[in-house]
Amino acid sequence: MTVLAGIDIGGTKCAVCLGLPSGAKGEEIRLIDRVAFPTIGGPDAVLARLTEELERLLAKHGFTAPAAVGVSCGGPLDSRRGLTLSPPNLPGWDEIDVLKPFRQRFGAPAALQNDANACALAEWRWGAGRGAANVVFLTFGTGMGAGLILNGRLYTGTNDMAGEIGHVRLEPDGPVGYGKAGSFEGYCSGAGIAQLAREAAAERLIRGEAVAFCPREQDLASVTAQAVAEAAHAGDELAREIYRFVGRQLGRGLAILVDLLNPERIVIGSIYARQRELLEPAMAEALAGEGLSLSRSACRIVPAELNERVGDYASLSVAEEARKAKL
């Protein structure tokens, strides 16, 4: 029986999982077990813990080695050499070979991808992108990242930097995302929505007006995108207007992708999947006004399907790529 191992390396936690693929082309996969732990210590300590946890999981289920290991990690990175290149959320991970420990310990093929690319692979193989040849996956979580499946293959660019749509500037000024004011990420991310909400709330509080998601000025720092969404669902007009504005900016960003890449599906995760009702009407209106009609008619905008388990499936999708390529 073939078992795949998935490794998810994050700034706050890491996870190890096992999956059983089925079908002639790995069309299905069953997640059979996982373990997670805080990312504590330097790269050597974390990688040692990951290999030990993987060994325990394999033994628990009667396996000696996986058919392949897939590693998903925040970028920047060098997927061809299996190196992390100082990711902002992983201090000290400077040109660290994250594949070598798994190849040496288990003698298995192993591959590395950044988390957005890995999520794109997962949604394409087993989620909302299944059956399409040209798919764009957008994270729309804490930040805005993208993974590209073009002509049935993951496209990573010259040096793993393809798909950084979050860095594109939509306005001359605005909330900061990806280090750039007015960027797509600045508007369409959890952090960006919180920035917009804090600014709007501050203006109203100064005028003595009530704000449902921020009753007092001292609460401004703790405003979150989720709190604004809850107020919007409860009928608060300011909160609903914030999400309508974000929806319009989302539509403008999607128009760039639709016109440039002509995808048949754009899969959007996290906040869009949870708050589609608040975002979709304004998004659709903006996209209709900005995008080329023939390209728009060929593209469906859909929420991600893998949701909270996407990190596990993402790393397993990288393992499936490694298994097929025998990396």
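Student: What is the volume of the largest pocket?

Tutor: The volume is about 1600 Å³, taken as the space filled by probe spheres set on grid points joined across faces, edges and corners. The model is predicted: local features need pLDDT of at least 70, side-chain atom pairs count only at pLDDT 80 or more, and totals for chains, interfaces and linings use all residues. Residues are numbered from 1 along each chain as its sequence is written, and side-chain values use heavy atoms, with hydrogens and water left out.

Student: What makes a residue part of the lining of a pocket?

Tutor: On a 1 Å grid over the protein atoms alone, a pocket is an open set of points where a 1.4 Å probe fits, with protein on both sides within 12 Å along at least five of seven lines; a lining residue has an atom within 4 Å of a point. Here 50 residues line the largest pocket, and among the closest to its centre are Asp115 and Thr139.

Student: How do you know that the structure holds zero disulfides?

Tutor: A disulfide needs a pair of cysteine sulfur atoms within 2.5 Å. The sulfur of Cys73 is 8.2 Å from the closest cysteine sulfur, in Cys14, so that pair is too far for a bond. For Cys119 the closest is in Cys17, at 12 Å, also too far. The count for the structure is zero.

Student: Why is Cys73 called buried?

Tutor: Buried means under 20% relative accessible area, exposed over 50%, and partly exposed in between (1.4 Å probe, protein chains only). Cys73 has 1% relative accessibility, so Cys73 counts as buried. Cys119, with a relative accessible area of 11%, is buried too.
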